Structures are given as C-alpha cells and as structure tokens.
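Let's take a friendly tour of this protein, from its surface to its pocket and its charged pairs. Keep the 3D view open as you read.

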Amino acid sequence: MNTTVDLHQLVQCMGDAIIVADAHEKIILWNPAATRIFGYSAAEALGQTLDLIVPERQRHQHNAGYSNSMKTGTTRYGASLLKVPALHKDGSTLSIAFTVGMLFDDHHQANGVLAVIRDETERFAQERALKKRIADLENPLA
C-alpha cells in the first residue's frame with residue numbers, strides 16, 4: 001500500500017479553510033475552502049495581512065498575540081479549539097472555530113502560523129436561538 005500523500009492535493013481538497021501566514025502576518029497559503037468561507041479568492045488574499053478576516057475590534061489583541069507568538073515560538077492556545085468572530089469579504093460577520101499551529105525555520109525560529117478553520121455561523125445561530133428558547137421557557141414572565 002502506498003502511504004505517500006500529495007500535500008498540495010490534501011490542502012486543496014480540505015473542506016475546512018487552511019490559511020498560513022508568515023512571521024509578518026502576511027497570508028502565504030489560502031485554500032479553496034478559505035475562499036468559500038471568507039469570500040476572497042486566493043489572488044485577493046495572498047500577500048494581505050490577517051486583518052483581512054479579523055474584525056476591527058479584535059485586531060489589537062490579535063496583533064499583540066501574533067507578535068508575541070512569533071517572538072516566543074509558542075501560542076497560549078496550544079491545540080485548543082478557538083471560537084471567534086471573523087469577517088467575510090461582503091462585510092458580514094462569521095462565527096468560526098479553528099486550531100492553530102506554529103511553523104518554524106531550520107534554526108527553530110518561529111516563522112509563521114497555520115490555521116485550520118471551520119465556519120460555525122449557522123450552528124452558532126441555532127445554538128443561540130435554542131438557548132433563548134430555553135431561557136424563555138424557564139422564565140415565562142420575562
């Protein structure tokens with residue numbers, strides 16, 4: 001059995017977005033699922049910073065954390081699933097869930113970040129509606 005995997009083909013066929021940004025937050029990999037989720041073509045996204053998809057109100061915190069990760073070679077999130085808002089090309093807000101991984105050069109210096117991202121907007125809206133319905137049922141006078 002051949003166990004060789006074509007990494008390019010793997011990235012291209014993933015249902016989740018795969019985005020890689022370099023040490024300066026410039027997007028260097030943007031797969032077709034990222035286009036489907038965020039609305040930007042690879043040509044539009046490549047070379048841009050992650051501000052492209054990070055909402056304005058989260059940018060300062062995001063940029064500070066990214067810079068710290070590049071300096072220390074670590075992320076405080078580890079393998080945790082992160083759930084945050086994101087921006088679509090049309091200006092709408094998405095709810096995304098993602099994991100991150102640090103990338104390193106031959107000298108073990110951090111030189112980028114890989115994110116695997118899933119659009120959770122519909123599920124998040126359903127969950128919020130269900131929580132509201134439960135709250136309304138538990139407190140009928142509200």
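## A patch on the surface

A residue is called buried when its relative accessible area is under 20%, exposed when it is over 50%, and partly exposed in between. Keep in mind that this is a predicted model. Val-5 has 52% relative accessibility, so it counts as exposed.

You can find Val-5 in the segment before helix 1 (7-13). Together with Leu-7 and Leu-10, Val-5 makes a nonpolar surface patch of about 280 Å².

## The largest pocket

Now look for the largest pocket, which holds about 770 Å³ of space. It is lined by 29 residues, and the closest to its centre are His-62, Tyr-77, Leu-82, Phe-98 and Val-100. Elements giving two or more residues to this lining include strand 1 (17-22) and strand 5 (110-119). Helix 4 gives the largest share, seven residues.

What classes of residue make up the lining of the largest pocket? There are 20 nonpolar, eight polar and one charged residues.

## Charged partners

Side chains of opposite charge can pair when their charged atoms come close. This structure holds six salt bridges. One of them joins Arg-118 and Asp-16, at 2.9 Å from N to O. Arg-118 is in strand 5 and Asp-16 in the loop between helix 1 and strand 1, so the pair links parts of the chain 102 residues apart. Asp-16 is buried because its relative accessible area is 15%, whereas Arg-118, at 44%, is partly exposed.

In helix 5 (residues 121-138), Arg-123 and Glu-127 lie four residues apart, about one turn of the helix.

Note on methods:
Residues numbered from 1 in each chain as written. Predicted model: local features only at pLDDT ≥ 70, side-chain atom pairs only at ≥ 80, totals over all residues. Heavy atoms only, no water. Patch = residues over 30% accessible without salt bridge, like charges linked within 9 Å, V, L, I, M, F, W, Y side chains within 5 Å. Areas by Shrake-Rupley, 256 points an atom, 1.4 Å probe, with all protein chains shown as cover. Salt bridge = Lys/Arg side-chain N within 4 Å of Asp/Glu carboxyl O. Buried < 20%, exposed > 50% of the residue type's maximum accessible area, 1.4 Å probe, protein only. 1 Å grid on protein atoms, 1.4 Å probe; cavity = no way out; pocket = protein on both sides within 12 Å on 5 of 7 lines; lining within 4 Å. Points joined across faces, edges and corners; volume = space filled by probe spheres on them. Nonpolar A, V, L, I, M, F, W, Y, C, P; charged D, E, K, R; others polar.
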